[in-house]
Amino acid sequence: MLVSGRLTGARARAPLQASLLKTWSLRGPTASSYSASSEPSTVRALIYGIHGDPAKVIQLKNLELTAVGGSDVHVKMLAAPVNPSDINMIQGNYGLLPKLPAVGGNEGVGQVLAVGSSVSELKPGDWVILSSAGLGTWRTEAVFSEEALTRVPKDIPLQSAATLSVNPCTAYRMLVDFEQLQPGDSVIQNASNSGVGQAVIQIASALRLKTINVVRDRPDIQKLTERLKDLGADYVLTEEELRMPETKNIFKDLPLPRLALNCVGGKSSTELLRHLAPGGTMVTYGGMAKQPVTAPVSLLIFKDVKLRGFWLSQWKKNHSPDEFKELILTLCNFIRQSQLTAPTCSEVPLQDYQQALEASMKPFVSSKQILTM
């Protein structure tokens, strides 16, 4: 079958997989370029040539790097997580899709090995993260342009650096950009066990905000509740508990939340809206339930609630690189003060990527899978 000028289906896979062994090139204003080597190489990458089930379309390949040009930086990747957005991108269900074939992964930390003659802000030994999505972090080494990289301090834990540029950035921006919250104000969120959810709990606590955290019921709910409270959560409720009349008792001690953070959609998002203060804002940044957000007309008219969306990639497009660097430094300060920690992580060697992919797609996973190089 030919769709949009591209072969799809079983007939396309054989020639496509054969072509993956030939020379490849990814070129763009900030992307690294590479070619597959016919001889084994120490540079390895997790690559997909078609969209689909990550467990089926991702392959570990040997690559050779392009030469380092004047504005290029040679980076040895140290660690890179597997995020839901990575999975969605491989499946072809994301707002930003790189040209195929592509290296998987949007986030991670690496160490500079060498720099081109025109590079002024980075030097060998520096730790760096990628400033943009879609450039591929699931590889042992890469050559990136200097503008694609942001230096991070080396005095923070490796896992914190590897998981810094997506979830904590999303959490911080949502907490400060939509409502002018003051110490003592409250925030309600679902998907509270997610990477963003855990970052919201910790950053909100550092800002002296109260959090009401909604999670799906599960066999280890008590253990999860204790873990989130250890991070600073004030209240942890299941979605069923949120619907109970007794939930109103929470607001005898807390003001109604003026900010709700929705990563689920469907009925869960509607329940968040019901608990918002008049004039409050619900920010949607994900749709785990794959169901639309439903807002009762009465809440829109009589409570004047606002519905907004947030996507970190769009925020970066609307703001300067210096503003992104300032955001990263702010988060690093939280980390140094032990106010922000990495989510619970399981480190998996790159060659065992199938294990990491499968674990990342299971329900109720409490550990972030991090590929180590």
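I take contact to mean heavy atoms within 4.5 Å. The model under study is predicted.

**Entry 1. Thr270**

I looked up Thr270 and found it in helix α9, which covers residues 266–274. With neighbours within four places in sequence left aside, Thr270 is in contact with Thr294 and Pro296. For Thr294 I also noted a polar approach: its backbone oxygen lies 2.8 Å from a polar atom of the Thr270 side chain.

**Entry 2. The chain as a whole**

I went on to the totals. The secondary structure of the protein amounts to 13 helices and 20 strands. The protein has 373 residues, of which 51% count as buried. I also looked up how far apart in sequence the contacting residues are. Among contacts between residues at least 6 apart in sequence, 70% join residues at least 24 apart.

**Entry 3. Helix α5 against α12**

I examined the packing of helix α5 (residues 167–177) on helix α12 (residues 321–336). Their axes are 10 Å apart, and the packing angle is about 100 degrees. I therefore describe α5 and α12 as roughly perpendicular to each other, a term that covers angles from 65 to 115 degrees. On the α5 side I listed Pro168, Cys169, Tyr172 and Arg173 in this contact. On the α12 side I listed Phe324, Leu327, Ile328, Thr330, Leu331 and Phe334. By class, the contact of α5 with α12 holds 8 nonpolar residues, 1 polar and 1 charged.

**Entry 4. Helix α5 against α6**

I next followed α5 to its contact with α6. The axes of these two helices come within 8 Å and cross at roughly 55 degrees. That angle makes α5 oblique to α6. I recorded the crossing of α5 and α6 as right-handed. From α5, the contact draws on Asn167, Pro168, Thr170, Ala171, Tyr172, Met174 and Leu175. From α6, it draws on Gly195, Val196, Ala199, Val200, Ile203 and Ala204. I count the classes of the α5 and α6 contact as 10 nonpolar, 3 polar and no charged residues.

**Entry 5. Helix α6 against α7**

I then turned to α6 (residues 195–206) and α7 (residues 221–231), whose axes come within 8 Å and cross at roughly 40 degrees. The pair α6 and α7 is therefore oblique. Which residues meet here? I found Gln198, Ile201 and Gln202 in α6 against Arg227, Leu228 and Leu231 in α7. The contact of α6 with α7 divides into 3 nonpolar, 2 polar and 1 charged residues.

I checked burial in helix α3 (residues 84–91) and found Ser85, Asp86, Ile87, Met89 and Ile90 buried. I traced the partners of these buried residues to β4 (43–48), α2 (54–57), β5 (58–65), β6 (72–81) and α13 (353–360). Just after α3, Gly92 has a positive phi of about 90 degrees. Further along, I noted that the peptide bond from Leu100 to Pro101 is cis, with omega near -5 degrees. Pro101 sits in the loop between α3 and β7 (102–103).

**Entry 6. Gly70**

I located Gly70 in the loop between β5 and β6. At 29% relative accessibility, I class Gly70 as partly exposed. Where does the chain come back to Gly70? The C-alpha atoms of Gly70 and Ser117 are separated by 4.7 Å, although the two residues are 47 residues apart along the chain. Beyond its neighbours within four places in sequence, Gly70 is in contact with Gly116, Ser117, Ser118 and Val119.

I searched for positive phi in residues other than glycine and noted Asp304, with phi near 55 degrees. Asp304 belongs to the loop between α10 (297–302) and β18 (306–309). I also noted Ser338, which is not a glycine and has a positive phi of about 60 degrees. Ser338 lies in the loop between α12 and β19 (345–349). Is Ser338 buried or exposed? I record Ser338 as exposed, because its relative accessibility is 62% and the term applies over 50%.

Technical notes:
Residues are numbered from 1 along each chain as its sequence is written. This is a predicted model: local features need pLDDT of at least 70, side-chain atom pairs count only at pLDDT 80 or more; totals for chains, interfaces and linings use all residues. Side-chain values use heavy atoms; hydrogens and water are left out. Axes are lines fitted to C-alpha atoms, for helices over the stretch in contact, and angles run from 0 to 180 degrees between N-to-C directions. Helices (H or I, at least four residues) and strands (E, at least two) are DSSP runs, numbered from the N terminus. Angles under 35 degrees count as roughly parallel, over 145 as roughly antiparallel, 65 to 115 as roughly perpendicular and the rest as oblique. Ala, Val, Leu, Ile, Met, Phe, Trp, Tyr, Cys and Pro count as nonpolar, Asp, Glu, Lys and Arg as charged, and the others, Gly among them, as polar. A crossing is left-handed if the near helix is turned anticlockwise from the far one by less than a right angle, and right-handed if clockwise. A polar contact is a pair of N or O atoms within 3.5 Å; within protein, one must be able to donate a hydrogen and the other to accept it, and residues adjacent in sequence count only if both atoms are side-chain atoms. Buried means under 20% relative accessible area, exposed over 50%, partly exposed in between (1.4 Å probe, protein chains only).
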